[in-house]
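I opened my notebook to look at one structure, step by step. Come along and check each entry against the picture.

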Amino acid sequence: MEQETKELRKAGLKVTHPRMRILQIFEDEEAPHHLTAEDVYKRLLADQEDIGLATVYRVLTQFEAAGIVVKHNFEGGQAVYELDRGKHHDHMIDVDSGKVIEFVSEEIERLQHEIAARHGYVIEDHSLVLYVRPKHRNK
């Protein structure tokens with residue numbers, strides 16, 4: 001609880017019960033790393049918290065502006081949020097289940113920089129999303 005309080009204050013946000021609870025949900029090791037606003041709301045309901053969906057959206061928008069979470073708008077799905085821990089990673093989206101898989105590849109990172117340099121550019125930022133399907137699936 002103390003860590004969440006410090007994190008909110010560091011981001012310039014007032015410590016409120018809804019902010020604390022929503023941050024705790026994202027920091028829960030058991031929870032998925034990528035959550036929709038509805039996922040957060042359902043967790044709050046399951047915990048018998050009286051925090052509305054509009055409040056969840058408002059807090060997530062504040063968290064995004066403060067750099068606490070990153071919002072992703074993957075094609076064909078709802079916006080998902082994840083804690084911004086400052087470490088770059090890329091994503092794969094299972095097109096059948098919607099599952100989000102994080103990965104890091106030094107080789108892909110190197111190739112992207114080489115390609116940009118070949119064209120006379122330097123990468124400022126990037127986002128790589130691969131849309132995947134399991135190789136062997138039951139039909």
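**Ground rules.** I am reading a predicted model, where local features need pLDDT of at least 70, side-chain atom pairs count only at pLDDT 80 or more, and totals for chains, interfaces and linings use all residues. Residues are numbered from 1 along each chain as its sequence is written, and side-chain values use heavy atoms, with hydrogens and water left out. Helices (H or I, at least four residues) and strands (E, at least two) are DSSP runs, numbered from the N terminus.

**Core.** I looked up the largest nonpolar core, which has 20 residues. Such a core is a set of buried (under 20% relative accessible area, 1.4 Å probe, protein chains only) Ala, Val, Leu, Ile, Met, Phe, Trp, Tyr and Cys residues joined through side-chain atoms within 4.5 Å. Ile22, Phe26, Val40, Val56, Phe63 and Ile68 touch the most other members. α2 (17-27), α3 (37-46), α4 (53-66) and β2 (80-83) each give two or more residues, and α2 gives the most, with five.

**Helix pair.** How do α3 and α4 cross? Their axes (lines fitted to C-alpha atoms over the stretch in contact) come within 9 Å and cross at roughly 125°.

I found β3 (residues 90-94) and β4 (residues 100-103) running antiparallel, joined by four bridges; pairing takes at least two. Met92 stands opposite Ile101.

Technical notes. Buried means under 20% relative accessible area, exposed over 50%, partly exposed in between (1.4 Å probe, protein chains only). Axes are lines fitted to C-alpha atoms, for helices over the stretch in contact, and angles run from 0 to 180 degrees between N-to-C directions.
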